[in-house]
Amino acid sequence: IIENVMPLLNKEEKKVVDILREHNGEAMQKIIVLETDFSKAKVSRLIKNLSERGIIEVESLGKKNRIKLKTKLEKKEEPEKEQST
């Protein structure tokens, strides 16, 4: 499913997603900083952007963040109404 999204990402976002894929879909934010040579601030912005677009999710572990690639991308739509029986 992530292959469908890759063409929509810029070069830097693709690099972040590629690193997550190399680490079985999740990595600490620090690893992404080390492997990209991007600044901490730049990685933070990229992660925030990817998270807002529903491509990754961020799990806060105190002062550290675990970044996970979403296996299913949700469409940002209205929640389905429950059917009453």
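Visitor: Why is asparagine 24 called exposed?
Guide: Asparagine 24 has a relative accessible area of 77%, and the cut-off for exposed is over 50%, with buried under 20% and partly exposed in between (1.4 Å probe, protein chains only). At 77%, asparagine 24 therefore counts as exposed. Before we go on: this is a predicted model, where local features need pLDDT of at least 70 and side-chain atom pairs count only at pLDDT 80 or more, while totals for chains, interfaces and linings use all residues. Residues are numbered from 1 along each chain as its sequence is written, and side-chain values use heavy atoms, with hydrogens and water left out.

Visitor: What makes the phi of asparagine 24 worth a look?
Guide: The phi is positive, about 60°, although asparagine 24 is not a glycine. Most residues other than glycine have a negative phi. Asparagine 24 lies in the loop between α2 and β1; helices (H or I, at least four residues) and strands (E, at least two) are DSSP runs, numbered from the N terminus. Aspartate 37, in the loop between α3 and α4, also has a positive phi, about 65°, and counts as exposed at 69% relative accessibility.

Visitor: What makes the pairing of glutamate 13 with arginine 53 a polar contact?
Guide: The two side chains come to 2.7 Å. A polar contact is a pair of N or O atoms within 3.5 Å; within protein, one must be able to donate a hydrogen and the other to accept it, and residues adjacent in sequence count only if both atoms are side-chain atoms.

Visitor: Why is glutamate 26 called partly exposed?
Guide: Glutamate 26 has 35% relative accessibility, so it lands between the 20% and 50% cut-offs. It is found in strand β1 (residues 26-28).

Visitor: How do you know that the span of α4 is close to the expected one?
Guide: Helix α4 (residues 40-52) has 13 residues and reaches 18 Å from its first C-alpha to its last, against an expected 18 Å. That expected span is 1.5 Å times one less than the number of residues.

Visitor: What puts the buried residues of α4 on the same side?
Guide: Val43, Leu46, Ile47 and Leu50 are the buried ones. They cover an arc of only 100° around the axis, so they sit on the same side of α4; the arc is that of the directions from the helix axis to the C-beta atoms. On the other side, Arg45 and Lys48 are exposed.

Visitor: What counts as a nonpolar core, and which residues have the most contacts inside the largest one?
Guide: A nonpolar core is a set of buried Ala, Val, Leu, Ile, Met, Phe, Trp, Tyr and Cys residues joined through side-chain atoms within 4.5 Å. The largest has 19 residues, with the most contacts made by Leu9, Val17, Leu20, Ile32, Leu50, Ile55 and Ile56. Helices α2, α3 and α4 and strand β3 each supply at least two residues of this core.
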